[in-house]
Amino acid sequence: VSEQGVPLADRMRPRELSEVAGQRHLIGAGKPLAQAIAADRVTSMILWGPPGCGKTTLAQVIAASTRARYVPYSAVLGSVPELRAILAEAGEARSFRGERTLLFLDEIHRFNKSQQDALLPDVERGGVVLVGATTENPSFAINAALLSRCRVFSLKAIEDADIVELLRRALTDERGLASLAIQAEEDALEGLAKLAS
């Protein structure tokens, strides 16, 4: 932790698609999600994968890359009235300013059926681009009506080689530890990557 107490992971969080670790099957050159982002034609989706695979980061990068308002919302901490206020604000932003809203709904599987149903009208109309994140199988955790209006992208755990690349970047990037001129042997980086899992 440095730079006024901001953790290294937050300082190094990817700002663009090329900085995202792993997930080449989705965001590599010519892959479906990469093409949708490049064309600024992202539709509602569910990001399904294990903890720590980059679901939140990917949603933030999508919003930044597509010039959409990014509104994070936790299914665990938020309330339905709060969600309705967000959806109403998104409708106004679209109607009056032509601005799209990317609603990132973390742990969408924690919403019950009626809470998920509350999203349907806005997702159907395109009032928001919903990006739901879940560690649970969407076929069982998300109701069929909402799931049918979203594309499911399956994310994989980040591989050790990708973690090594992130470590190298943290050592050389000005947002990271470059000012400290730290040197690390390849074996040490690989060992850290394995421990990080």
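Phe111 is buried, because its relative accessible area is 4%, under the 20% cut-off. Keep in mind that this is a predicted model, so every value here is computed from it.

Let's look at the ring pairs next. The structure holds two aromatic pairs.

## The stacked pair

One of the pairs brings together Tyr70 and Phe104: the ring centres are 6.2 Å apart and the planes meet at 25 degrees, so this pair is stacked. It also links distant parts of the chain, since Tyr70 sits in strand E2 (residues 69-74) and Phe104 in strand E3 (residues 101-106), 34 residues apart.

How exposed are the two partners? Tyr70 is partly exposed, at 25% relative accessible area, whereas Phe104 is buried, at 3%.

## The edge-to-face pair

Phe111 returns here with Tyr73 as its partner: their rings form an edge-to-face pair, 6.2 Å centre to centre and with 70 degrees between the planes. This pair, too, links distant parts of the chain. Tyr73 belongs to strand E2, while Phe111 lies in the loop between E3 and helix H6 (113-125), 38 residues apart.

Tyr73 is buried, with a relative accessible area of 5%, and Phe111 is buried as well, at 4%.

## Arg69 in strand E2

Which strand holds Arg69? Arg69 is found in strand E2. At 18% relative accessibility, Arg69 counts as buried, because the cut-off is under 20%.

Leaving aside residues up to four places away in sequence, Arg69 touches Glu89, Ala90, Ala93, Glu99, Arg100, Thr101 and Leu102.

Definitions and conventions: Residues numbered from 1 in each chain as written. Predicted model: local features only at pLDDT ≥ 70, side-chain atom pairs only at ≥ 80, totals over all residues. Heavy atoms only, no water. Phe/Tyr/Trp six-rings, centres within 6.5 Å; stacked < 30°, edge-to-face > 60°. Helix = DSSP H or I, 4+ residues; strand = E, 2+ residues; numbered from the N terminus. Buried < 20%, exposed > 50% of the residue type's maximum accessible area, 1.4 Å probe, protein only. Contact = heavy atoms within 4.5 Å.
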